[in-house]
Amino acid sequence: MSKKTEKMPPAMTTQEALSLTGFEQINGILMGRFAPPSIGTLMKYKMHAVAEGRVVFRSTPDGTVLNPMGSVHGGWYGTILDSAMACAVTTRVPKGCIATTLEYKLNIIRPIPVGMMVEAIGETDHVGRSTGVAQGKIVGVENGRLYATASTTCIVIKLEPPKAG
């Protein structure tokens, strides 16, 4: 029996990023126009929803993301929240700009049960010309319980067109 493979959309080029707002960039990933970030594939999470200033990722942590004690690794919490918060900031940057994380802080409130679907929700507090600030949380999809909170500061970067030659 052969394994069905889905064709991966292309990665966004610098030229495309220059011509799109941050919202158009992130929404393009959700809609399948652009390839999703490879970290999501590695850590088994996917973008679920996008609005201006808000991005949601979903995942069901399994045995591949556990720490030596057998619970979901703290780095997994940080990674999915970093993605949600930085993408939320990116949805509010103008055409020709991107945003990336400068720093983030994570607070794990309780362990996520292995096999339970959760959402990582990132929402912006402020996005200016040079920085953006956002907060995030991980909640259970079915039970609504809070598992972690986070905050971030992102740098807003104006892209330069590729040099000819």
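Accessible areas here come from the Shrake-Rupley method with a 1.4 Å probe, and for residues only the protein chains shown count as cover. By that method the protein chain exposes about 9,400 Å². Carbon and sulfur atoms supply 55% of this area. This is a predicted model, in which local features need pLDDT of at least 70 and side-chain atom pairs count only at pLDDT 80 or more, while totals for chains, interfaces and linings use all residues. Residues are numbered from 1 along each chain as its sequence is written, and side-chain values use heavy atoms, with hydrogens and water left out.

Start with the whole chain. The protein chain has four helices and six strands. Both are DSSP runs, numbered from the N terminus: helices are H or I with at least four residues, and strands are E with at least two. Along the sequence, the pattern reads α-α-α-β-β-α-β-β-β-β. The radius of gyration, taken over C-alpha atoms, is compared with a globule rule of 2.2 Å times the number of residues to the power 0.38. The protein chain has a radius of gyration of 16 Å, close to the 15 Å that the rule gives for 165 residues, so it is as compact as a globular protein of that length. Its C-alpha atoms fill a box of roughly 55 × 50 × 25 Å, taken along the principal axes.

Next, look inside. A residue is buried under 20% relative accessible area, exposed over 50%, and partly exposed in between (1.4 Å probe, protein chains only). Of the 165 residues of the protein chain, 39% count as buried. Contact means heavy atoms within 4.5 Å. Among contacts with a separation of 6 or more, 66% are between residues 24 or more positions apart.

Now find the sheet. Two strands pair if DSSP finds at least two bridges between them. Six strands form an open sheet in the order S1-S2-S4-S5-S6-S3, with antiparallel pairing. The edge strands are S1 (45–51) and S3 (97–108), and each pairs on one side only. From one strand to the next, the twist averages 25 degrees.

Follow the sheet from S1. Strand S2 covers residues 54–59 and pairs with S1 in the antiparallel sense over six bridges. The two strands form a hairpin with two residues between them. In the turn, Gly53 has a positive phi of about 85 degrees. On to S4: six bridges join S2 to S4, and the two run antiparallel.

Axes are lines fitted to C-alpha atoms, for helices over the stretch in contact, and angles run from 0 to 180 degrees between N-to-C directions. Helix H2 (residues 22–30) lies across S1, S2 and S3, at about 135 degrees to S1. Helix H4 (residues 74–90) lies across S1, S2, S3, S4 (118–127), S5 (131–140) and S6 (146–158), at about 140 degrees to S3.

How many of the 17 residues of H4 are buried? The count is 13, so H4 is largely enclosed by the rest of the structure. The expected span of a helix is 1.5 Å times one less than its number of residues. For the 17 residues of H4 that should be 24 Å, and its end C-alpha atoms are 24 Å apart, which agrees.

Finish with two single residues. Ala49 lies in strand S1. Ala49 is partly exposed, at 26% relative accessible area. Leaving aside neighbours within four places in sequence, Ala49 is in contact with Leu30, Arg54, Val55 and Val56. Ala49 and Asn27 are 22 residues apart along the chain, and their C-alpha atoms are separated by 8.5 Å.

Ile157 is found in strand S6. Ile157 counts as partly exposed, with 31% relative accessibility. Not counting residues up to four places away in sequence, Ile157 touches Gly96, Cys97, Ile98 and Thr100. Ile157 and Leu42 are 115 residues apart along the chain, and their C-alpha atoms are separated by 26 Å.
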